[in-house]
Amino acid sequence: MDRFAVFGNPVSHSLSPRIHALFAAQTGRALSYEARLAPIGGFADAVKAFIAEGGRGANVTLPFKAEARALATRLSARALLADAVNCLDFRDGGIAGDNTDGAGLVRDLASNLGRDIAGARVLLLGAGGAARGAIAPLLALGPRELVVANRGYARAAELAAKFSSLGPISARDLGQASRLAFDLVINSTSAGLQGALPPVTAANFAPGALAYDMVYGKASEGFLAFARSAGAKACDGLGMLVEQAAESFLVWHGVRPDTRAAIDTLRAA
Ligand code: NDP
């Protein structure tokens with residue numbers, strides 16, 4: 001049986017084993033997928049031990065995505081752009097690094113939520129690893145503008161400069177951004193995990209806007225409730241999580257599972 005795992009710290013909360021078990025059942029694949037706690041400072045050794053045990057591939061979650069990039073012996077174009085790796089493939093004897101987070105986000109927005117990014121005004125809150133991975137896939141869909149706003153302006157400016165050749169991206173400080181209206185507001189900050197709101201105002205939501213939180217569950221509730229009170233539609237990042245898993249499944253198994261069924265099952269639970 002082919003073995004896969006997700007590495008993180010903490011990792012016991014991860015839904016990835018559940019999602020990959022649903023995909024395996026649906027596609028008739030025999031595989032095992034487990035959550036593995038890697039010690040801080042011991043990520044590379046944990047992955048190498050898994051490879052020695054016969055591991056075929058792995059997902060990587062916080063806080064190891066930069067270490068996974070460093071460990072990879074080969075990087076996909078999207079991992080290079082994201083500067084982070086959340087999907088490792090060991091099958092050819094090396095360690096191939098990929099990034100499926102950004103693809104998962106745009107797939108959830110476009111396919112599951114029916115949002116047309118082409119021509120849309122998009123506000124991306126946050127300038128961390130998740131934001132970095134989302135920018136190239138978002139710009140590829142042709143938004144009218146992609147504004148990055150972050151608590152620390154310098155990080156937003158750095159991202160806007162890095163991706164400026166790919167489309168209409170700019171950085172705004174929080175004061176400037178607070179007065180602008182957008183069709184899509186994506187929260188990629190971890191503010192919700194601390195019980196705080198990201199830097200967003202009611203004026204940020206144009207009529208018919210969608211507020212999307214990359215975080216899912218309880219930690220997304222504050223931002224999504226604020227967005228609804230400002231008249232926006234609102235959705236958490238569970239679909240993104242399932243879609244990035246489906247993209248990893250495609251990398252490893254050459255088949256894309258049906259994500260709708262998995263999202264429905266997880267929401268019902
Ligand atoms: P990082 O630590 O790299 O970045 C965190 C970002 O949040 C920074 O821009 C930081 O701003 C900002 N931030 C943190 N606290 C606050 C606050 N109190 N108020 C305002 N801004 C704040 O994290 P990642 O980018 O890797 O991840 C961000 C979130 O996205 C995580 O919660 C993660 O779980 C989620 N995620 C979800 C995925 C999914 O599949 N659904 C996939 C990947 C990530 P500053 O620069 O000023 O410090």
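Residues are numbered from 1 along each chain as its sequence is written, and side-chain values use heavy atoms, with hydrogens and water left out. Because the model is predicted, local features need pLDDT of at least 70 and side-chain atom pairs count only at pLDDT 80 or more, whereas totals for chains, interfaces and linings use all residues.

Two packed helices are described by the angle between their axes and the distance between the axes. Helix α1 (residues 16-27) packs with helix α10 (residues 238-253) at an angle of about 55 degrees, and their axes are 10 Å apart; axes here are lines fitted to C-alpha atoms, for helices over the stretch in contact, with angles running from 0 to 180 degrees between N-to-C directions. Helices (H or I, at least four residues) and strands (E, at least two) are DSSP runs, numbered from the N terminus. The pair α1 and α10 is therefore oblique, given that angles under 35 degrees count as roughly parallel, over 145 as roughly antiparallel, 65 to 115 as roughly perpendicular and the rest as oblique. The crossing of α1 with α10 is right-handed, a term for a near helix turned clockwise from the far one by less than a right angle, the anticlockwise case being left-handed. On the α1 side, the residues in contact (heavy atoms within 4.5 Å) are S16, I19, H20, F23, A24 and T27, and they meet L241, V242, Q244, A245, A246, S248, F249 and W252 of α10. By class, this contact of α1 with α10 holds nine nonpolar, five polar and no charged residues, where Ala, Val, Leu, Ile, Met, Phe, Trp, Tyr, Cys and Pro count as nonpolar, Asp, Glu, Lys and Arg as charged, and the others, Gly among them, as polar.

The axes of α10 and helix α11 (residues 259-268) come within 10 Å and cross at roughly 135 degrees, and these two helices are therefore oblique to each other. In this pair too, α10 passes α11 in a right-handed crossing. The contact involves L238, G239, V242, E243 and A246 from α10, together with T259, A262, I263, L266 and R267 from α11, and its residues divide into six nonpolar, two polar and two charged.

The loop between β1 (2-8) and α1 contains S14, as well as P10, which is joined to N9 by a cis peptide bond with omega of about 5 degrees. S14 counts as buried, at 16% relative accessibility, where buried means under 20% relative accessible area, exposed over 50% and partly exposed in between (1.4 Å probe, protein chains only). The side chain of S14 reaches the backbone nitrogen of S16 at 3.1 Å.

A further cis peptide bond runs from L62 to P63, with omega near 0 degrees, and P63 is placed in the loop between β3 (55-60) and α3 (65-71). T61 lies in the loop between β3 and α3 and is partly exposed, with a relative accessible area of 25%. Leaving aside residues up to four places away in sequence, T61 touches V6, F7, G8 and V11. In the loop between α4 (77-82) and β5 (87-89), D83 has a phi near 60 degrees, a positive value in a residue other than glycine, and D83 is partly exposed at 33% relative accessible area.

Terms used: A polar contact is a pair of N or O atoms within 3.5 Å; within protein, one must be able to donate a hydrogen and the other to accept it, and residues adjacent in sequence count only if both atoms are side-chain atoms.
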